[in-house]
Each structure stands twice: as structure tokens, then as C-alpha cells.
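Visitor: I am new to this structure and would like to learn how to read its features one at a time. Could you take me through them?

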Amino acid sequence: MENILKELKFDEKGLIPAVVQDVTTKEILMVAYMNAETLKMTLETKRATFWSRSRQEIWVKGGTSGNYMNVENVKIDCDGDCLVVLVRPDGPACHTGNRSCFFRKIDGDKLTEDTSRTGVDVFLAEFATIEDRKRNPEDGSYTNYLFNKGEDKILKKIGEEAAEVVIAGKNRDKDEIKYETADLLYHLAVMLADNDMTWDDIFEEIANR
């Protein structure tokens, strides 16, 4: 660890900026500061830990809210004066409840909320809802209906939706393709959740190919 610290350029207060990034979506979640001690703690505990400049104390992100930033990797820039902390967040990064602290954008001469979502964001938001239905069943929920019926029903629906996608593709109907593909992906997500898996498992497999 001492050799790594020698590669870093801490400022006059012994701090270095750390950009926190979602390892799956690549979204920038927040920026904070680390010192040598909190960097060591981050690497040892695998939970993003910072130095609070306002409170002058060690700060484990999520220590109060439970929204921990589970660390997958830490990268150092070419000059050694900035870190990128790749995490899997347990919840929103921002104290406002937003997923990222960077939820506003400059729009001319004013600030507006950035409501745009990437394809991965939509994927993960839908999956989060499916996982929540699994943990907290809701009356009338189609997702809970599938979970209650079990794997045979879920797998049957995947087969039916896959056939619908094939037909839509054969018809070369773009609206039909979108609709049926969305249905198929939803049912695949239910199957993953039923097997205690996530889309991350699939992303990892694709990345390894």
C-alpha cells in the first residue's frame, strides 16, 4: 500500500479528489475527497470511504442512509492526482434522493433537471421493480402472478414471447418488433430474478466473450 500512496499526489491538506462511477451503467454518481487513511479503508472494506472537509472527519458513504457504495475497483489517473472509484450502489448517491448528484444540467442561462435516461438505466429501473415485487408482493401485480405460478409459467411465457419476436421480425414491422422485444426482455428479467441473478451476470458474460 505504501508504494501505491507514493504514486499519488495529495494536495496540501493531504486530500485527493475521488470520482465515484457506477461500474455497470458508467454513470458518474458523486465526487468526494479521500486521504491516505480513507483510501486504505476503502480498499480494505470495499465500501467507499471519504474525508469530510466540512465536518473534518471520516465519512463512510451510506453509513447513515444505508446507501453504501460497494467498491469494485479504484483507478488512478495518469498524473496521480485524481481517483475513479467504480462501485455497485445500494441506493441513491445523492442526499436529495436522486441516483446521481449530477441530476442538473446547464440549459442556457438556467439550471434544469436532467430527466434523460440511458437504455441501461431503463433496464436497471425495471429490474429493480421486479426485485422489489419479489421481496414485497403486491396484490394484482402481474410480476407476482408469475412468481407465484413458478418457473414453468415463467419459462412458458419466455417461449411464447420469443415466438412473437420471431413473427414480428419476419413481418419486418418495427412497432411490433419493439413491443414484442420489450415483452421478451421483461419476462427474461423475471426469470433472472427467479434464479437470484441480475442483468449484471449477463453483462459480465457478454464482456468476457
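This is a predicted model: local features need pLDDT of at least 70, side-chain atom pairs count only at pLDDT 80 or more; totals for chains, interfaces and linings use all residues.

Visitor: Let us start with charges, then: how many salt bridges does a search of the whole structure find?

Guide: The general idea is that side chains of opposite charge can pair when their charged atoms come close. In this structure, the search of the whole model gives 13 salt bridges. One of them joins Arg-55 to Glu-57, with 2.9 Å between the closest N and O atoms. Arg-55 is partly exposed at 46% relative accessibility, and Glu-57 is also partly exposed, its relative accessible area being 36%.

Visitor: Which side chains does Lys-157 meet in salt bridges?

Guide: Lys-157 meets Glu-160 in a salt bridge of 3.4 Å, N to O, and it meets Glu-161 in a salt bridge of 3.7 Å, N to O.

Visitor: Why can residues three or four places apart in a helix point the same way?

Guide: The general idea is that an α-helix has 3.6 residues a turn, so residues three or four places apart point the same way. In this case, Glu-160 and Lys-157 are three residues apart in helix 5, which spans residues 151–171, and therefore about one helical turn separates them. Lys-157 and Glu-161 are four residues apart in helix 5, and they too are separated by about one helical turn.

Visitor: I would like to read a helix next; which residues of helix 2 are buried?

Guide: In helix 2, residues 36–45, the buried residues are Thr-38, Leu-39 and Thr-42. They lie on the same side of helix 2, because the arc they cover around the axis is only 105°. What covers these buried residues includes helix 1 (2–6), strand 2 (28–34) and strand 3 (49–52), together with strand 4 (57–60), strand 5 (69–76) and strand 6 (83–89).

Visitor: What is found at the ends of helix 2?

Guide: At the N-terminal end, Asn-35 caps helix 2, with a side-chain oxygen 3.1 Å from the backbone nitrogen of Glu-37. After helix 2 comes Lys-46, which has a positive phi, near 65°.

Visitor: How many aromatic pairs are counted here, and how should I read one?

Guide: To read a pair of rings, look at how far apart the centres are and at the angle between the planes. The count comes to three aromatic pairs. The rings of Tyr-142 and Tyr-145 have centres 5.9 Å apart and planes at 25°, and so this pair is stacked. Tyr-142 and Tyr-145 are three residues apart in helix 4 (residues 142–149), separated by about one helical turn. Tyr-142 is partly exposed at 37% relative accessibility, and Tyr-145 is partly exposed at 35%. Together with Tyr-186, these two residues form one aromatic cluster.

Visitor: Which charged residue lies over the face of Tyr-68?

Guide: That residue is Arg-47, which lies over the ring at 3.6 Å from its centre.

Visitor: Finally, where is Gly-80 found, and what does it touch?

Guide: Gly-80 is in the loop between strand 5 and strand 6, and it counts as buried, at 3% relative accessibility. Leaving out residues up to four places away in sequence, Gly-80 touches Glu-7, Leu-8, Lys-9 and Ile-16. From Gly-80 to Tyr-186 there are 106 residues in sequence and 43 Å in space, C-alpha to C-alpha.

Visitor: And in which helix does His-187 lie, and what is it in contact with?

Guide: His-187 lies in helix 6, residues 174–194, and it is buried, with a relative accessible area of 4%. Apart from neighbours within four places in sequence, His-187 is in contact with Tyr-142, Leu-146, Ile-154, Lys-157, Ile-158 and Glu-161.

Key: Residues are numbered from 1 along each chain as its sequence is written. Side-chain values use heavy atoms; hydrogens and water are left out. A salt bridge is a side-chain nitrogen of Lys or Arg within 4 Å of a carboxyl oxygen of Asp or Glu. Buried means under 20% relative accessible area, exposed over 50%, partly exposed in between (1.4 Å probe, protein chains only). Helices (H or I, at least four residues) and strands (E, at least two) are DSSP runs, numbered from the N terminus. The arc is that of the directions from the helix axis to the C-beta atoms. Contact means heavy atoms within 4.5 Å. A polar contact is a pair of N or O atoms within 3.5 Å; within protein, one must be able to donate a hydrogen and the other to accept it, and residues adjacent in sequence count only if both atoms are side-chain atoms. Rings of Phe, Tyr and Trp (its six-membered ring) pair if their centres lie within 6.5 Å; planes under 30 degrees apart count as stacked, over 60 as edge-to-face and the rest as tilted. A charge sits over a ring if NZ of Lys or CZ of Arg is within 6 Å of the ring centre and within 35 degrees of the ring normal.
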